[in-house]
Amino acid sequence: MQGNDVSGHRNVLNTFATHLCQKYEHIVIDQTCVTRLQRVIPLTCPTKYAEVLEQPLTIEELSSALRSGAKHKTPGIDGFSLEFYIANWDNIKQDLLELMNQMFLHKKITPQQKHGLIVCLSKFNGDRTPNGYRPISLLTTEYKLLARMMARRLRHILKDHLHTRQFFGVPGRSILEAASLVRDAIAYSETSGSPLCVLTLEFQHVFDRISHHHLYQILHRYGISEWFIERLHALYENATASVQINGTLAGPIPIQNAVRQGCPLGMILYVLCLHPLLRTLEDNLPGIRLGRSTRSPPVVATADDVTVLVTQPGDFAIIHEAVRCYEKVTGAKLNSKKPKALPIGGGRSQQLNLELSLTTKLRSWGSNMEPPLQNR
């Protein structure tokens, strides 16, 4: 882990276990920055969504959660797959619904139900350390069914609070729209001569760097009731995992931060945590004006890929301060302290006084972005 090669099955297993223990340990956050980020989210009445969030789970919700789950997936530590519940649905549906409501309404979730099995998949980026592997949590089907139903109830909050700048995990939005927004801004800058720099910010291990303390606090701002937050807390409190390498287990590992990769709630909770950063940038950056009345949003995001449209030198200080605050609140870290920047409009972009790692091409959301040939 410190630059030394490790050999032998047991040594490799212990190395990954130690790494994951450190990755998921408690994150100390800056409460001042927590307050600053919370204030950018308009405070919503905590009873606004209570009728949607706090009702007992229904047989229709449970049936839908079963049907929408990915098939032929490796089960969690208990060995029960989704197919088992589907095959026995007629016989167990009422008992299963009662179990789900005991877990949801009364927070009766056992340590085994919250225990995950972590498998580490190579990112194929040449990094042979544990950081070069993505930890995926194999969770019990009961846990995932409950998490999936809770996630669906939270979608109402996403529609109300997350605007056009967020394209990850929001129903009805596509990353193709995000790419189109950036391409329109680039085309306008080229034709109008307006200074523009397309700046990409990418965070490390996004799902694994979320402070639970910040998560519970920020959820209040969205109007999520204390009752529902307590149910989320019950899913995460004292959660553990074992790491599996070549069929051998090590652990248990306490999960004291992060939203689990493999959990149906993970995407929505991450998006709600990222939103205050995006809103801070949206509120303080001018963006680029497309004609007399239309303004392109200055920031668009998909998961860990945040693209910012910089139009004046002062924007960089605003971005730096916002990212620094977000890091102190969540424990997140940028992949690089020198984000990639694509200047548009040839010499005109020098008006921005760029002091960044420049590039002639960016790859975002599966497509390349670059200025026309005559301006490269």
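Four strands form an open sheet in the order β2-β1-β4-β5, with mixed pairing. Strands here are DSSP E runs of at least two residues, and helices are H or I runs of at least four, numbered from the N terminus. Two strands pair if DSSP finds at least two bridges between them. The model is predicted, so local features need pLDDT of at least 70, side-chain atom pairs count only at pLDDT 80 or more, and totals for chains, interfaces and linings use all residues. Residues are numbered from 1 along each chain as its sequence is written, and side-chain values use heavy atoms, without hydrogens and water.

**The open sheet**
- β2 (133–138) and β5 (248–254) stand at the edges with a single partner strand each, so one side of each has no neighbour in the sheet.
- Neighbouring strands are turned by 30 degrees against each other on average, direction ignored.
- β1 (residues 116–122) pairs with β2 in the antiparallel sense, over six bridges.
- In that pair, Ser122 stands opposite Tyr133 of β2.

**Strand β9**
- Six of the six residues of β9 (residues 305–310) are buried, so the rest of the structure largely encloses this strand. Buried means under 20% relative accessible area (exposed is over 50%, partly exposed in between; 1.4 Å probe, protein chains only).
- Asp305, Thr307 and Leu309 are buried on one side, and Val306, Val308 and Val310 on the other.

**Partners of β9**
- β3 (residues 196–202) pairs with β9 in the antiparallel sense over six bridges.
- β8 (residues 299–302) and β9 also pair in the antiparallel sense, over four bridges.
- Val308 of β9 is the bridge partner of Leu199, and Val299 also stands opposite Val308.

How values were computed. Axes fitted to C-alpha atoms, helices over the stretch in contact; angles between N-to-C directions.
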